[in-house]
Amino acid sequence: MNNLKDKVAIVGLGWTRFSTNSGVSVKNLALESCKNAIDDAGLTVKDVDGIATYNIGDSVSPYVVATGLGLPELRWNIEYFAGANGATSTLLTAACAIIGGLADTVLVFRAMNGRTGTRLGGAGMSLNTTGIEQYCVPYGLTTFPQAVAMVARRHMIKYGTTSHQMGAVALTCRENAILNERAVVRSPLSIEDHQNSKMIVDPLRLYDCCQETDGACAVLITSADRAKDLRHSPVYLMSGTHGAGWQSGEFFGKTTAFWPEWDELSETYARTMASELYGKAGITSKDVDVAELYDCFTIEPIVQLEDFGFCEKGEGGAFVESGAVRRDGHLPMNTHGGLLSEGYIHGFNHVLEGASQLRGDAGARQIKDAEIALVTGYCGPVANAVILRR
Amino acid sequence: MSMVYDTEHPVPIPPIIWDNMGYWEGINRHELVFQRCKECGTWRHPPRPVCPKCRSFEKEWTPSTGKGAVYSWVTYQESPHPGFKAPYSVVLLEMEEGVRLVSNMVDIKPEEISIGMPVEVVFEDIAEGLTLPKFRKVG
């Protein structure tokens, strides 16, 4: 069986400032994060011959970055119209391009003015009934938080998951963000703060929802051979998966997403694909040292902890509440503060945090002896994740 | 309590294209219909050109019993859009035919909605050219 294990490595990391008002264009953010990733690797634009990105029409294309940074030649590129099913899968696709010989060294980035530009949560969007939206928008289901609230409700009814347990996810992330200078929110958060925060869409409260953030981040990847001689110790891609289960629904419309066909809302396709993800990496869930789990809303990491095999189905809420995923627990989670507190760069900031932890340069938030990281994007009827190692 | 729409911010009328024509034609004559595969009898919704079970493109618009049960629901205390007056709930229903449908309940408070609650269809004329299937509690 073909396997991409350890054939490609992350060699450069680049961030912009994360904020709620960048004061610059998305193009500026994209170029800055990409230049920072190249500089971090100790390479130049002449070494880069591929670019990959994902967006929902709120960002810039690979051609914009290639032209802006003055790449001599763009041998391969892809722009994936995607929600956070692109968060790790865009990296995975770029790695496959390197293995297939389409490019040698590829920038992968996500850039967005997620607060001052297009707000992915759906606030401020006009009503649209052209696509699959015609089956939900006329009834007031217009935003992504509502779709995820449907999931949370199912999980609460089926397994007894509580709002307190979802609050424990928010608190865990905030504790980590306090140690992270890049995080957009660093003030302490208590369970009372969570419980007293206003209901956005019942059962999701304000602090169950991630930040809306302006910013960008990028990684530079190349072949394992080339990676050996560069500035930082390489972070190898062990495995990755990206797909959808039986009757996942069409998932994305133009303005929102929903998946009424998906058989059981409280389960994700990760339940099916995790065995392939771990199997191709040659590990089990017990070998994972840090987990950067997509946390658009607090219910999402709870479901993922179950479906990626860290606890039994239905026990994700209790698992988080036990402290297992805090930085001193046995599975530190969202060590940068996650989308809930570091900021929402559509999940791509999880990839950089995973790589940073494995390089050992995460500063005050460094988890000791982190060797293997699981990084996930959005998981529902669709799912995507990668496993990285140092 | 039922969903209250603000006519200043009307819901756009879904454009009728080939795939959805029978569905909205049914709604407009106050009949809830779903696609059913002519070959293997599998129901499906939202409408699509082909059966995911047997791959047949032959289908017919078949009347639903209009009965189902609440599978999940959410409630907005503050509206995300001026077109809808808060508070309001959106329900995800499982119909007797096995398909799921997003809708609203009528004549019920959000806190009275529960999982498994049996419901039946009613039709609401929202605006000129837009009728929607809504649901009320049975019994």
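**Walking through the model**

Student: How do the residues lining the largest cavity divide into nonpolar, polar and charged?
Tutor: They come out as 8 nonpolar, 1 polar and 4 charged. Nonpolar here covers Ala, Val, Leu, Ile, Met, Phe, Trp, Tyr, Cys and Pro, charged covers Asp, Glu, Lys and Arg, and the others, Gly among them, are polar. Before we go on: this is a predicted model, where local features need pLDDT of at least 70 and side-chain atom pairs count only at pLDDT 80 or more, while totals for chains, interfaces and linings use all residues. Residues are numbered from 1 along each chain as its sequence is written, chains are lettered from A and ligands numbered from 1 in the order written, and side-chain values use heavy atoms, leaving out hydrogens and water.

Student: Which residues lie nearest the centre of that largest cavity?
Tutor: Ile132(A), Tyr135(A), Phe258(A), Pro260(A) and Pro46(B), out of 13 lining residues. On a 1 Å grid over the protein atoms alone, a cavity is a set of points where a 1.4 Å probe fits but cannot get out, a pocket is an open set with protein on both sides within 12 Å along at least five of seven lines, and lining residues have an atom within 4 Å of a point.

Student: How much space is in the largest cavity?
Tutor: About 110 Å³. That volume is the space filled by probe spheres set on the grid points, which are joined across faces, edges and corners. There are 4 cavities of 30 Å³ or more.

Student: Which element gives the most to the lining of the largest cavity?
Tutor: Strand E6 of chain B, residues 100-103, with 3 residues. Strands (E, at least two residues) and helices (H or I, at least four) are DSSP runs numbered from the N terminus.

Student: Back to Pro46(B), then. What sort of peptide bond joins it to His45(B)?
Tutor: A cis one, with omega about 0°. Pro46(B) sits in the loop between strand E2 (43-44) and strand E3 (59-63) of chain B. Chain A has a cis bond too, joining Asp202(A) and Pro203(A), with omega about 15°. Pro203(A) is in the loop between strand E5 (199-202) and strand E6 (204-205) of chain A.

Student: What's the phi of Gln247(A)?
Tutor: Positive, about 55°, although Gln247(A) is not a glycine. You'll find Gln247(A) in the loop between strand E8 (235-244) and strand E9 (251-252) of chain A. Its relative accessibility is 26%, so Gln247(A) counts as partly exposed. Buried means under 20% relative accessible area, exposed over 50%, and partly exposed in between, with a 1.4 Å probe and protein chains only.

Student: And is His346(A) buried or exposed?
Tutor: His346(A) is buried, because its relative accessibility is 1%. His346(A) also has a positive phi of about 55° without being a glycine, and its place is the loop between helix H11 (338-341) and helix H12 (348-359) of chain A.

Student: New topic: how many residues are in the largest nonpolar core?
Tutor: It has 139, and those with the most contacts inside it are Ile10(A), Val219(A), Ile221(A), Trp259(A), Leu305(A), Phe308(A) and Leu374(A). Helix H4 of chain A (residues 144-159) gives this core its largest share, 7 residues. A second, separate core of 28 residues includes Val26(A), Leu29(A), Leu230(A) and Tyr236(A). A nonpolar core is a set of buried Ala, Val, Leu, Ile, Met, Phe, Trp, Tyr and Cys residues joined through side-chain atoms within 4.5 Å.

Student: Last one: what are the domains of chain A?
Tutor: Domain 1 is 8-119 + 214-235 and domain 2 is 131-212 + 236-389, with bounds from an automatic or database domain assignment. The C-alpha centres of these two chain A domains are 23 Å apart. In chain A, 46 residues of domain 1 are in contact with 34 of domain 2, where contact means heavy atoms within 4.5 Å.
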